[in-house]
Amino acid sequence: MASLSRALRVAAAHPRQSPTWGMGPCNLSSAAGPTAEKSVPYQRTLKEGQGTSVVAQGPSRPLPSTANVVVIGGGSLGCQTLYHLAKLGMSGAVLLERERLTSGTTWHTAGLLWQLRPSDVEVELLAHTRRVVSRELEEETGLHTGWIQNGGLFIASNRQRLDEYKRLMSLGKAYGVESHVLSPAETKTLYPLMNVDDLYGTLYVPHDGTMDPAGTCTTLARAASARGAQVIENCPVTSIRVWTDDFGVRRVAGVETQHGSIQTPCVVNCAGVWASAVGRMAGVKVPLVAMHHAYVVTERIEGIQNMPNVRDHDASVYLRLQGDALSVGGYEANPIFWEEVSDKFAFSLFDLDWEVFTQHIEGAINRVPVLEKTGIKSTVCGPESFTPDHKPLMGEAPELRGFFLGCGFNSAGESGQQPSWPPRGRSYQKILLARITCRLRISPDRCH
């Protein structure tokens with residue numbers, strides 16, 4: 001079994017023959033196509049993908065003729081939107097998924113949840129998400145979401161980064177998020193396998209953790225269905241009907257699918273990487289691009305059990321605890337764009353480009369030296385969507401009344417910055433839900 005250090009040597013010995021290497025983003029989509037099978041925890045699903053598509057078998061349930069709102073996309077954002085709309089009391093909410101829940105991006109996400117962010121809105125939003133995932137959903141449905149509270153560590157390898165983390169700790173106190181700034185020695189006591197020689201300190205958040213994407217989406221869908229919402233899988237949307245009123249304003253009229261149509265005044269685009277394609281159906285430009293995002297899962301590491309997740313912002317690396325192993329990933333300066341987004345892509349993966357991934361290996365080995373001699377059990381490289389300003393796309397599109405965006409979460413839809421709706425405050429998501437519900441004339445009390 002290959003080790004991280006061997007992968008590093010191979011990448012160094014065989015550099016890519018490209019004049020643009022090291023000079024920004026590289027377009028390698030033509031050379032890095034999707035594969036139908038990978039050694040990941042979803043082998044059965046991937047193998048099934050080689051046969052006849054489940055879409056050809058028809059929708060998982062009959063389509064209603066009308067709906068108050070149609071959510072397109074059965075990933076993390078789509079399931080959360082449907083759940084919270086149903087919880088607000090909206091009737092006639094329908095979610096349409098072209099394959100199965102979590103297909104596309106959500107199924108292979110790392111599922112990390114870090115509670116502290118520079119924005120007070122994001123801190124509040126994440127605190128609510130943690131409550132929903134760790135407690136409320138299980139109490140409501142009796143199903144476990146796969147939440148694991150093992151804590152999180154932010155790494156400061158310079159004085160400026162440590163000062164930033166101290167500010168985050170102060171912000172967290174205002175929202176009841178427990179956190180502690182640790183010295184290098186205290187960090188070593190907490191995480192014995194970590195190299196702390198180059199550290200100024202760390203920020204430790206004991207109530208951070210990870211969630212299972214499949215378990216979370218399944219539980220959200222179950223809770224939404226119990227409140228009257230409908231989840232329909234294997235039902236691709238083919239077009240969005242639009243009409244123009246007497247004042248020249250374009251409005252949503254309905255959606256067309258391969259298996260029938262639904263009349264609706266409201267559509268929420270939660271299609272992730274495919275959100276641009278859904279937007280084009282309605283004449284709405286959705287400014288996001290698709291990129292490859294990769295991580296590797298190591299073999300068993302003795303002593304890693306129960307350790308917190310690690311985020312090293314300066315090295316752009318994250319280390320996620322996965323049982324007795326680690327998932328190692330990050331965000332590179334030269335990402336690979338997925339120029340030709342395929343509508344057939346569901347539970348497949350791309351081949352991992354080791355040369356691009358090399359920088360993450362170097363950062364991970366520096367932070368946890370035992371990784372240099374640790375084998376690689378599997379690789380995961382799938383599509384993620386990113387926006388120009390690294391902010392999510394939330395709210396009603398100005399070109400079309402009744403067409404809402406809930407996408408572009410920059411690899412943070414389920415991992416890193418789990419988006420959900422806070423019970424108070426005027427976050428982007430709260431505004432989105434308020435506008436949807438008020439557009440459909442639900443009681444104003446339910447919009448606040």
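Let's start with a pair of helices: α4 passes α7 in a left-handed crossing. The model you're looking at is predicted. Its chain holds 10 helices and 21 strands, and 57% of the 448 residues count as buried. If you take the contacts in the chain with a separation of 6 or more, 76% of them come from residues 24 or more positions apart.

- Two packed helices are described by the angle between their axes and the distance between the axes.
- For α4 (residues 120-141) and α7 (residues 213-226), the axes come within 10 Å and cross at roughly 45°.
- Angles under 35 degrees count as roughly parallel and 65 to 115 as roughly perpendicular, so α4 and α7 are oblique to each other.
- On the α4 side, the residues that meet α7 are Val 133, Leu 137, Glu 140 and Thr 141. Their counterparts in α7 are Thr 216, Thr 219, Leu 220, Arg 222 and Ala 223.
- Helix α7 also packs with α3, here at an angle of about 25° and with the axes 8 Å apart.
- That angle is why α3 and α7 are called roughly parallel to each other. Their crossing is left-handed.
- From α3, this contact uses Ser 76, Cys 79, Gln 80, Leu 82, Tyr 83 and Ala 86. From α7, it uses Cys 217, Leu 220, Ala 223 and Ala 224.
- Leu 220 and Ala 223 of α7 turn up in the contact with α4 and also in the contact with α3.

**A closer look at α3**

- Helix α3 covers residues 76-87, and at 1.5 Å a residue its 12 residues should span 16 Å. Its end C-alpha atoms are 16 Å apart, so the two figures agree.
- This helix is mostly covered, with 11 of its 12 residues buried. Among them are Leu 77, Gly 78, Thr 81, His 84 and Leu 85.
- Just after α3 comes Gly 89, which takes a positive phi of about 105°.

**Thr 102 in its loop**

- You'll find Thr 102 in the loop between β3 (93-96) and β4 (112-113).
- With a relative accessible area of 6%, Thr 102 is buried, because the cut-off is under 20%.
- Leaving out residues up to four places away in sequence, Thr 102 touches Gly 74, Gly 75, Trp 107, Pro 213, Ala 214, Cys 217 and Phe 347.
- One of those, Cys 217, is also part of the contact that α7 makes with α3.

**The sheet of 6 strands**

- This open sheet runs in the order β9-β3-β2-β13-β21-β20, and its pairing is mixed.
- At the edges stand β9 (230-232) and β20 (393-396); each has a single partner strand, so one side of each is left without a neighbour in the sheet.
- From one strand to the next, the twist averages 20°.
- Strands β2 (residues 69-72) and β13 (residues 267-269) run parallel, joined by 3 bridges. Val 71 has Val 268 in β13 as its bridge partner.

**The sheet of 3 strands**

- Another open sheet has the order β10-β11-β12, with antiparallel pairing.
- Its edges are β10 (237-244) and β12 (260-263), each with a single partner strand, so one side of each has no neighbour in the sheet.
- The twist here averages 30° from one strand to the next.
- β10 and β11 (residues 250-257) run antiparallel and are joined by 7 bridges. Val 237 has Thr 257 in β11 as its bridge partner.

Methods. Residues numbered from 1 in each chain as written. Predicted model: local features only at pLDDT ≥ 70, side-chain atom pairs only at ≥ 80, totals over all residues. Heavy atoms only, no water. Pairing = 2+ DSSP bridges. Helix = DSSP H or I, 4+ residues; strand = E, 2+ residues; numbered from the N terminus. Axes fitted to C-alpha atoms, helices over the stretch in contact; angles between N-to-C directions. Expected span 1.5 Å × (residues − 1). Buried < 20%, exposed > 50% of the residue type's maximum accessible area, 1.4 Å probe, protein only. Parallel < 35°, antiparallel > 145°, perpendicular 65-115°, else oblique. Left-handed = near helix turned anticlockwise from the far one by under 90°. Contact = heavy atoms within 4.5 Å.
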